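Hi,

Here is the structure I promised to pass on. Have a look at it first, and then read my notes below.

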Amino acid sequence: MAISLWTKINTTLCKLDQAIGLLFGLNRSLPNIVWLTGNALNSVKPSAKISLKDIIDNGFLWAVPKHRRSVEKRLKRKFGHPDYVLKILQPRSNIRICNSCGDHYEIGILCPTCYKKVINETKDMQSAIQKKLGLNPVEKEIIVIYEHEKSKLDEYHEGQQIIEMKRPRPSWFSKNLVQQTSKKPAATKDVKPSGLS
Ligand SMILES: [Zn+2]
C-alpha cells in the first residue's frame, strides 16, 4: 500500500517536472532528436540539468507576512483583552472564609476542610457497620448512634439494627440534618417567607 502510494507520488512528480520543463523550454528529450539530424549538430551539448528543486527555490515565494502586525494587536495576543479572554493573573474575588474552621473556600462549593471531616466520619461509620455486620445479609434498617444516645431512642427505632460509635457525636454533625447546627431550634413551627424585599 505504502509502496504503491510512493510510486504514484513519484510518477506525479516526474510528470510535473516534465510539464514545468516544457513550459520553461527545458525539455531534456530534445537532444535525442538532434542526434539523428546529422554529424554537424553532434557537437550540440545537452542543456544543463535543472531540477524541480532549483526552479522552486529560485522562482517561488513562500508564505511570509505581508503586513506589519500593530503593537496593539501584538499586546492583545500576548495579554488578552479584559472584555474577552484575559491571560494575565488576576486577583480572585470569590474566596470566602469558613465560619466553622476559618479556612478559605470558594463561593459555590463546600469548604474542603469541613467536608474532609464529613468524609472521614462517614468512613468510620462504614467501617463500624462492616465490623458489626461482617458477612451477614442486611435484613434490617441500620441506624448509627453515638455515645449516650442509646437511652434517647424511642419506639420508632424498634426493630432497627443499632450500631454505636464509641465516641461522642461531633458538634457539627446534627442529629436532625434538616436543622442548622449554628442556630438554636425555633420554638414555633411557622415558616417565614424570605427574599420578598
Ligand atoms: Zn470549613
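A definition to start with: a residue counts as buried if 20 or more other C-beta atoms lie within 10 Å of its own. Helix α4 covers residues 71–79, and of its 9 residues the number buried is 0, so α4 lies largely in the open. Directly after α4 comes Gly80, which has a positive phi of about 80°.

The same cut-off is telling for the whole chain: of the 197 residues in the protein, buried ones make up 0%. Please keep in mind that this is a predicted model.

As for the overall layout, the protein has 5 helices and 4 strands. Reading from the N terminus, their order is α-α-α-α-β-β-α-β-β. If you take the contacts between residues at least 6 apart in sequence, 17% of them join residues at least 24 apart.

Finally, a word on confidence. The mean pLDDT of the protein is 80, with 72% of the residues reaching 70 or more. Residues 29–37 are a stretch to treat separately: pLDDT stays under 50 there, and the model has 5 contacts beyond four places in sequence for them.

Best wishes

Technical notes. Residues are numbered from 1 along each chain as its sequence is written. This is a predicted model: local features need pLDDT of at least 70, side-chain atom pairs count only at pLDDT 80 or more; totals for chains, interfaces and linings use all residues. Helices (H or I, at least four residues) and strands (E, at least two) are DSSP runs, numbered from the N terminus. A residue is buried if 20 or more other C-beta atoms lie within 10 Å of its own, exposed if 12 or fewer, and partly exposed in between; C-beta atoms are placed from the backbone. Two residues are in contact if their C-beta atoms, placed from the backbone, lie within 7 Å. pLDDT is the predictor's confidence in each residue, from 0 to 100.
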